[in-house]
Amino acid sequence: MTRILGIESSCDETAAAVVADGRDILSSVVASQIDIHRKYGGVVPELASREHLRQIVPVVREALAQAGMQFSDLDAIGVTQGPGLVGALLVGITYGKTLAAALGKPLVPVNHLAGHVHAVFLEAYKAGRTPQLPAVCLIVSGGHTVLYEVKAAARDSSQSREPNASAERGDGPLCYRKIGQTRDDAAGEAYDKVAKLLALGYPGGPILDRLAAAANGIPAPVKFSHIKTRGNPLDFSFSGLKTAVLYHVREHAEYAAEIRTRQEALERGERKFEQLLPLCSPQTLALIREFQNTVVSDLVERTMLAADELSVRSVLVSGGVAANSQLRSVFEDHAKRKGLDVFFPSRALSTDNAAMIAAAAYERFRARAFADSSLNADPSLALA
Ligand code: KG4
Ligand code: ZN
């Protein structure tokens, strides 16, 4: 059995996990910094680095304790190399490098986005399923909105980047091709900005998701048009939608009073769904529903277009926004109609975690893709 310690510190979660053979999660610990960044309405890089520094040692210790293991039981250390915030990444990398050197174990650098893809496989394995390849994978979070074609790499050489369209995944390595990406904001970023402008706290996704569900049956105060992007039809764009929400709110004076009331509630620490719901007018709920309808239909339609064009066998959806309940149900409906399987991680594996990093590291461990002490953070590391 190969036991890998995964370390993740690319954004605002300090995480460590132990995963056996890239499949079995023996432990997964996530220390979230949301409370620190909340008052700024977004992640403050300098504060994130400091907090990672404070959390990394206890979080790794807890991951080992939960797995019932000692450092000496590990076979390798997998660490996120990028993409992400450079100062945040450096904390995990420096810690991982030092630990690997002290233990005399290999250090495996991992692309954070490959981690998100592996989160889907980890969840599927837990349920005794394996997504069939080729697949299309939508990674949609606060920092990313990107579409990949995912294939099994050729079996004869684990280093090969040549895809083998017909290969089943088995335990073989994956091969990625980027086919679309956002040209401006990530979808999660749009959720966070709209929540900020409506005084609904941070992060915006989880609460807007629940408030949108409370708007059932209320007519929308505005209709947002389909999002258009020139050029690649698989590219996304969410900044225009965010601006459309802003203009609508500015042009309709009736929103101002309730925004002020909610701002005061947030300042008193009242940020739970149950506390904010009574402070939202039916019009605000319907506005949120319309915003979410537009985001969800755009994400699903472009992903399904890619699925059609590439004749894939499965659809994979990962990243923080993959936790969205409407996104899940609309994807499931569309995929069923097309006879495709759609896979999501659990909510815990959708958002940033280190189990997905350890799982991605296993594949690279088997390919002996090790790093030496010169490993550096790469804030814009590409997956393909
Ligand atoms: O993957 P993640 O933890 O971190 C990044 O890499 O960004 O994703 C966090 C993002 C935030 O923007 C948050 O608002 C969004 O995911 N999010 C959601 C939901 N839960 C989290 N967006 C929509 N619906 C949700 N239920
Ligand atoms: Zn992420």
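**Entry 1: the zinc site.** I looked up how the donors of the zinc ion (ligand 2) are spaced along the chain, and I found the pattern H-x3-H-x235-D. The model I am reading is a predicted one. I noted that H112 and D352, which lie 240 residues apart, link distant parts of the chain. H112 belongs to helix α4 (residues 112-126), while D352 sits in the loop between α12 (347-350) and α13 (355-366). I then checked the coordinating atoms: H112 (NE2), H116 (NE2) and D352 (OD) hold the zinc ion at 2.1 Å. I recorded angles of 93 to 140 degrees among the four donor atoms, and the site is classed as irregular. A tetrahedral site would need all angles between 85 and 135 degrees. I also found that both H112 and D352 are buried.

**Entry 2: ligand 1.** I asked which residues come nearest to ligand 1. Of the 19 residues around ligand 1, these are G142, D192, G205, D209 and N324. I then listed polar contacts. A nitrogen atom of ligand 1 lies 2.9 Å from an N or O atom in the side chain of N324. Oxygen from ligand 1 is found 3.2 Å from a polar backbone atom of G143, and 3.3 Å from a polar backbone atom of D352. Taken alone, ligand 1 exposes 550 Å², of which the protein buries 90%.

**Entry 3: S318.** I located S318 in strand β10 (residues 314-318). Is S318 buried or exposed? S318 counts as buried because its relative accessibility is 0%. I saw that the side chain of S318 reaches the backbone oxygen of H116 at 2.7 Å, and H116 is also a zinc donor through NE2. Other residues touched by S318 include A119, V120, L138 and P345.

Note on methods
Residues numbered from 1 in each chain as written. Chains lettered and ligands numbered in written order. Predicted model: local features only at pLDDT ≥ 70, side-chain atom pairs only at ≥ 80, totals over all residues. Heavy atoms only, no water. Helix = DSSP H or I, 4+ residues; strand = E, 2+ residues; numbered from the N terminus. Buried < 20%, exposed > 50% of the residue type's maximum accessible area, 1.4 Å probe, protein only. Polar contact = N/O pair within 3.5 Å; in protein donor to acceptor, adjacent residues only side chain to side chain. Contact = heavy atoms within 4.5 Å. Donors = N, O, S within 2.8 Å, 3.2 Å for Na, K, Ca; no water. Tetrahedral: all angles 85-135°; square planar, octahedral: opposite > 155°, others 65-115°. Near = heavy atom within 4 Å. Areas by Shrake-Rupley, 256 points an atom, 1.4 Å probe, with all protein chains shown as cover. Lists of a residue's contacts leave out its neighbours within four places in sequence.
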